[in-house]
Amino acid sequence: MSTDDTSTHSAMPRGPVDSSRTPRFAGPATFARLPRLDEVQGRADVAVVGVPFDSGVSYRPGARFGGNAIREASRLLRPYNPAQDASPFALAQVADAGDIAANPFDIHEAVETVEAAAGELLESGARLMTLGGDHTIALPLLRAVARKHGPVALLHFDAHLDTWDTYFGAEYTHGTPFRRAVEEGILDTSALSHVGTRGPLYGKKDLDDDAKMGFGIVTSADVMRRGVDEVADQLRQRIGDRPLYVSIDIDCLDPAHAPGTGTPEAGGMTSRELLEILRGLASCNLVSADVVEVAPAYDHAEITAVAASHTAYELTTLMSRRIAAERQERTGTESAD
Ligand SMILES: N=C(N)NCCCC(=O)O
Ligand SMILES: [Zn+2]
Ligand SMILES: [Zn+2]
């Protein structure tokens, strides 16, 4: 496979394979046909990393195949993002860091492995764009991010709260990562939001517990009634300039927009609403993000994987723009000295 370098200068980021020369359906899939991390000497501003782990699910399994399904569906992403007026892969070096090899038979060990591998990537200077995997993995990712940035603001898109206590006595599951994260003090409890919440709960106490942890909720019905601009404004105000982690469970979307997921709930957001809210976060300091719960066995015609690939593309664009703005600020300051 040809890995044509679209950049002409060694200091320029190396971009995706040129789809006008190598058909986009040829060769093994990396996210958006970007170079692998080893092809850019291990130096990336944004590392796209897969976590093929789904041993924490409470219903349908299969999200372990989500990352590669998203990579396959991302072949059609193009280098310029008109909605954000930015070329994310030219503004910063984005590279595919491959998969974290987590033990499928031992959740505690898997959680440790993910935390350590994510920590290494963050130490190298990269922001993480993680492709799950089930939602269990958000906990070790947040631990690693908080070690670098301190407690972070959390914007959580999901049909579910994922602040339940335990399932079958297990503390690490895909329904419990954010309760553990609050208990561990790795979240900034003045800036926690769920978006897209809906569906039946075990009881009203689920909501009371969640509110006590500090979460605000924008339900999927709120998004429909209030509209994406107002919702994005409100979220931006709550987040301010705090370091922000965005965790996106693809089941925040309606099953019509994301059938390929493990715990589907009717009445969800459209992919258009999700993408528009994300675009509205352009001023935020997005330090890392994940897209999880894509289970391709239940998908049809890559509906879910395409939605997830565009979601990761918008998130990557937000990070690249922020990286470029920070670089600009530094160079501006240096030349002013
Ligand atoms: N999809 C995620 N992350 N969590 C759903 C847990 C819902 C349940 O089993 O009751
Ligand atoms: Zn969910
Ligand atoms: Zn979830």
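Guide: The buried residues of α8 are V228, V231, A232, L235 and I239. This is a predicted model, and burial here means that 20 or more other C-beta atoms lie within 10 Å of a residue's own. Viewed down the axis of α8, these buried residues fall within an arc of 95°, so they line one face of the helix. On the face turned away from that buried side, α8 carries the exposed residues D229 and Q237.

The helix itself covers residues 228-239, 12 residues in total. From first C-alpha to last, α8 reaches 16 Å, close to the 16 Å expected at 1.5 Å a residue. Just after α8, G240 takes a positive phi of about 60°.

As for partners, the buried residues of α8 pack against both strands and helices. The strands are β4 (152-157), β5 (187-197), β6 (215-219) and β7 (243-249). The helices are α7 (220-226) and α9 (271-279).

Helix α3 (residues 107-123) packs with helix α4 (residues 138-149) at an angle of about 35°, their axes being 8 Å apart. The crossing of α3 and α4 is right-handed. On the α3 side, the contact involves V111, V114, E115, A118, G119 and L122; on the α4 side, it involves L139, P140, L141, R143, A144, V145, R147 and K148. The residues of this α3 and α4 contact divide into nine nonpolar, one polar and four charged.

Notes
Residues are numbered from 1 along each chain as its sequence is written. Chains are lettered from A and ligands numbered from 1 in the order in which they are written. This is a predicted model: local features need pLDDT of at least 70, side-chain atom pairs count only at pLDDT 80 or more; totals for chains, interfaces and linings use all residues. Helices (H or I, at least four residues) and strands (E, at least two) are DSSP runs, numbered from the N terminus. The expected span of a helix is 1.5 Å times one less than its number of residues. A residue is buried if 20 or more other C-beta atoms lie within 10 Å of its own, exposed if 12 or fewer, and partly exposed in between; C-beta atoms are placed from the backbone. The arc is that of the directions from the helix axis to the C-beta atoms. Two residues are in contact if their C-beta atoms, placed from the backbone, lie within 7 Å. Axes are lines fitted to C-alpha atoms, for helices over the stretch in contact, and angles run from 0 to 180 degrees between N-to-C directions. A crossing is left-handed if the near helix is turned anticlockwise from the far one by less than a right angle, and right-handed if clockwise. Ala, Val, Leu, Ile, Met, Phe, Trp, Tyr, Cys and Pro count as nonpolar, Asp, Glu, Lys and Arg as charged, and the others, Gly among them, as polar.
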